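Dear colleague,

I am passing on the structure below, and I would be glad if you could look through it alongside the notes that follow.

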Amino acid sequence: MGTRQKILAAISDPNISYILLLIGLAGLYFEFSNPGAILPGVIGGISLLMAFFGLATLPVNYTGILLILFGIILFIAEIKVMSNGLLTIGGIISLAMGSLIMFETPEPALRISLQVFIPALLLVSGFFVVVIWMAMKAQMRRPYSGTESMAQEEGEAITDIANEGKVFFQGEYWSAQSQNPIPKGAKVKILKVDGLKLTVEEIKKEA
């Protein structure tokens, strides 16, 4: 065989096709989770197309492919729903089951080797778990810029606040409102920012 035929034959190996499929899905998942990374998306797209070429020459069970794709969907849903890991566990199980039944043939040479299957599954599952953990951590992190970062911060009432008044916060004067009267000079906590008006409450001094 020439070089071209050797490369195509290598891609048609079930182990190589399986690894390319996982790399492709992981790359695209990372790109969609972190738009603008570019490189993971490029690598993922190329790997996925090469995997499809290899799979087209093999006895593929499309139920296995669907199970793998369903596992990726569960990983994505974990970021949106935050099921305390239940969707992630379901994704790993779906990924494992899909990998096991992806090639339906009694010929061992046309099935995924356990020496490839187990490390690849552990590595890819670990990758998804780490990305999900990073995404959830970023979602739960308190904002440090803009008006959202002002919530729960402390300021000082520079006028009496019956329904409305003025608050001094980080070198600026803000219009403020409160459900309860607040005397001038009292320390206040910012509850909400609505445009250029703050909703505040008085910080009671401990007796």
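In this predicted model, helices α4 and α5 are roughly antiparallel to each other, a term kept for angles over 145 degrees between N-to-C directions, because their packing angle is about 165 degrees. The axes, which are lines fitted to C-alpha atoms over the stretch in contact, lie 7 Å apart, with α4 covering residues 62-81 and α5 residues 86-101. Helices here are DSSP runs of H or I with at least four residues, and strands are runs of E with at least two.

Contact (heavy atoms within 4.5 Å) joins residues of α4, including L67, F70, G71 and L74, to residues of α5, among them G91, S94, L95 and G98. The residues of this contact divide into 13 nonpolar, nine polar and one charged, with Gly counted as polar.

Within α5, the residues T88, G91, S94, L95, A96, G98 and S99 are buried, that is, under 20% relative accessible area with a 1.4 Å probe and protein chains only.

Leaving aside neighbours within four places in sequence, K189 is in contact with Q152, E153, T199, V200, E201 and I203. K189 and G155, 34 residues apart in sequence, are 6.4 Å apart in space, C-alpha to C-alpha.

Residues are numbered from 1 along each chain as its sequence is written, and side-chain values use heavy atoms, without hydrogens or water. Local features need pLDDT of at least 70 and side-chain atom pairs count only at pLDDT 80 or more, whereas totals for chains, interfaces and linings use all residues.

Best regards

Conventions: Axes fitted to C-alpha atoms, helices over the stretch in contact; angles between N-to-C directions. Parallel < 35°, antiparallel > 145°, perpendicular 65-115°, else oblique. Buried < 20%, exposed > 50% of the residue type's maximum accessible area, 1.4 Å probe, protein only.
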